[in-house]
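Dear colleague,

Please find the structure below, handed over for your records. My notes on what was found in it follow directly after.

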Amino acid sequence: MPLVKNARIATDLFVHVADGAELPGDGDVLVSAQRLLDDPETLLKRPGKVGVVWPNNRAVDDLVPHLNRLAAVALVFPSFRDGRAYSQARLLRERHGYDGELRATGQVLRDQFVFMVRAGFDAFDVKKDADADAFAETVKRYSVFYQPTGDGRVAAFNRRMQLRHSESAGQ
Amino acid sequence: MYAYDELDRTLINERVSEFRDQVKRRLSGELTEDEFKMLRLQNGVYLQLHAYMFRVAIPYGTLSSKQLRRLAHVGRRYDRGYGHFTTRQNIQFNWIKLSDLPDALADLADVGIHAMQTSGNNMRNVTSDQWAGVAPGEVEDPRIWSEILRQHTTLHPEFSFLPRKFKIAITASEHDRAAIKVHDIGLRLHKNADGETGFEVLVGGGLGRTPFIGKTIKPFVLGRDILSYVEAILRVYNQYGRRDNIYKARIKILVHELGIEKFSREVDEEWKQMDGGGLTLDHSVVEEVRSRFSYPPYEKLPHMPDELKQAAADPLFERWRKNSVAPHKVQGYSIVTLSLKPVGGPPGDATADQMDAVADLADKYSFGEIRVGHEQNLALPHVAKRDLPKLWRALDRLGLATPNVNLVTDIIACPGLDYCSLANARSIPIAQELTRRFANHDTAEMIGRLHINISGCINACGHHHVGHIGILGVEKNGEEFYQITIGGRADEHAQMGELIGPAVPYAEVADVIEDIVEAYLALRDRPGELFVDTVKRLGVEPFKERVYATR
């Protein structure tokens, strides 16, 4: 699965370490939520960055105490129909101020990119090569957004007020 | 009417272009049917028994004449010359080609109509009172808030892949014409003791295989907080709603399993953390939306014009007027309901020619505006009383003046087995047969207000649970049977109907309904007692006895 980061195809620097497998001496690792919670100190003491794969049926509250020491959080879309990770992403970004890599994994298709970007994802384990290639073009599909979210784009309600303001200022 | 601005138009056009690309990828095989399914559903496209079915949103039931003409055009150009108005302020086209869909959507987008989220596991078309803005005594026009919610719920980045579909309905009148108690979220606009406008919020109502009446989760949420409160409910539902079993995935099950107290604590907890955030609606934002609703330049007209006095001599006109014309908040005007329930016709169907003609009549007599109600009828919301006789004659020529609104032949019915791949039994032929049985207007008038609702399967698109008489098609050993419930209602006193006994075969349904109606006529305590009130007073037993004694 190609990784898209900063809107282009990138090399995944994180090594996925299975539960029970030995940790490499250095380098960046991605571990399960259980592994992180079982022994965060050992993990976070070693050289190299740590990322966690957080399941979509576990409240992110348990992750919050470790957030500022994590370099990546991967949220899971077990099927494209299961949208729980969108809520988790927004909570991490907007409520808990997480500013590290937020990665979408699982059934990640181009038709979800806009929703994912708006929810706060900035890295994507894309299922199909063609979708990864189309990323830059696909995320530009919409120029109007109705809801304010943490991605910083001005929602339509507020944009209209701004437009009215500038119109009246120009008169 | 609400006028879309450049932003709204841009978004709809961007959506059409996205869907055009998705259809292209499906046709080339780049997208599998499984992947495409979710995408087409989000654009209102179902794969039905015979063809693709295309469901178009009519937000809060308001249409301009231009928009209605465009719907007629879509029916004529891409379908078989008609459309079907549904119980959810939508119109469906039943015979459309996948490859034509992007063009049909583009034609609709031209006049500010879309099909976004008319299906799929997301927030559906927000529905409201079809008399919004014209009903006397309304707190304020609920469409302002419907439109705010329509925008907020469209392409929502967090809630486009919910456990199941999600429906919001709003009313601002004491008499609930939006059936808010049987929606996932029902909102009742009212004023608190300080004169502030806000909402009673109900949650967890719904029909289908597990029907529930919605429960009040908050008696009063200020207008400025309604988006954050709805968002808090949705966020709790998105995270904790069941996804293992689609039959248990609706919010009503979550509310039922947790209990309304626990559910409401979860929502409050979430809401507290959102307080004061970006979702709080500025007064100016609400006023900006309000300013884009325009109202007709009503004239100062007499309450009882001469034209109406003269026409009163014609008993046929009077019959129609009493039945189809409702009071308007402005003196000298009326709200006119156009029955889409002619004797022997499929409920809710309109031909493209009828739609064009109604659009012309709306231009002539109703400031170019049309409404669509969940009873599958249309309405002209601003008709000067002096024009009623002329309008009646024109409607009569079009077959749209059947004087049966709210009477026994004003039947709500889903498309049933004739169209729908989910159905177990036919609905339309049952409705047609019943309209023939009760075609005599004098009998129907004597019976009074009586709502028959028919669904061809347990999914309850025909809202059978809340019909005064509900008819539910089921399948037994390959044959069509029908369960009959009585005593349901969808208004402010909403409740589910009660089963009267074993299901009856197709051929007996009309007889059974006649028996029930005859029993009611014998049992009611006075001519004015509604069927549903008689059932409430006496329970189902006497009706059951009448129906099954001889069967």
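A salt bridge is taken here as a side-chain nitrogen of Lys or Arg within 4 Å of a carboxyl oxygen of Asp or Glu. Helices (H or I, at least four residues) and strands (E, at least two) are DSSP runs, numbered from the N terminus. Over all chains, the structure holds 76 salt bridges.

Please note that this is a predicted model, in which local features need pLDDT of at least 70 and side-chain atom pairs count only at pLDDT 80 or more, while totals for chains, interfaces and linings use all residues. Residues are numbered from 1 along each chain as its sequence is written, chains are lettered from A and ligands numbered from 1 in the order in which they are written, and side-chain values use heavy atoms, with hydrogens and water left out.

Turning to the interface, 51 residues of chain B and 36 residues of chain A take part in the contact, which means heavy atoms within 4.5 Å. The area buried between the two chains is about 4,100 Å², and carbon and sulfur atoms give 54% of it; buried area is the accessible area (1.4 Å probe) that two parts lose on being put together, summed over both. Leu7(B), Pro157(B) and Phe161(B) supply 19% of the area that chain B buries against chain A, more than any other three residues.

Between chain B and chain A there are 13 salt bridges. One of them is formed by Arg164(A) with Glu288(B), whose closest N and O atoms are 3.6 Å apart. On the side of chain B that touches chain A, the largest share, eleven residues, comes from α1(B).

Chain B also contains an open sheet of five strands in the order β6-β7-β8-β9-β10, with mixed pairing; two strands pair if DSSP finds at least two bridges between them. The edge strands, each pairing on one side only, are β6 (127-128) and β10 (215-222) of chain B. Strands β7 (residues 168-171) and β8 (residues 185-191) of chain B pair in the parallel sense over four bridges. Ile168(B) has Ile185(B) in β8(B) as its bridge partner.

Yours sincerely
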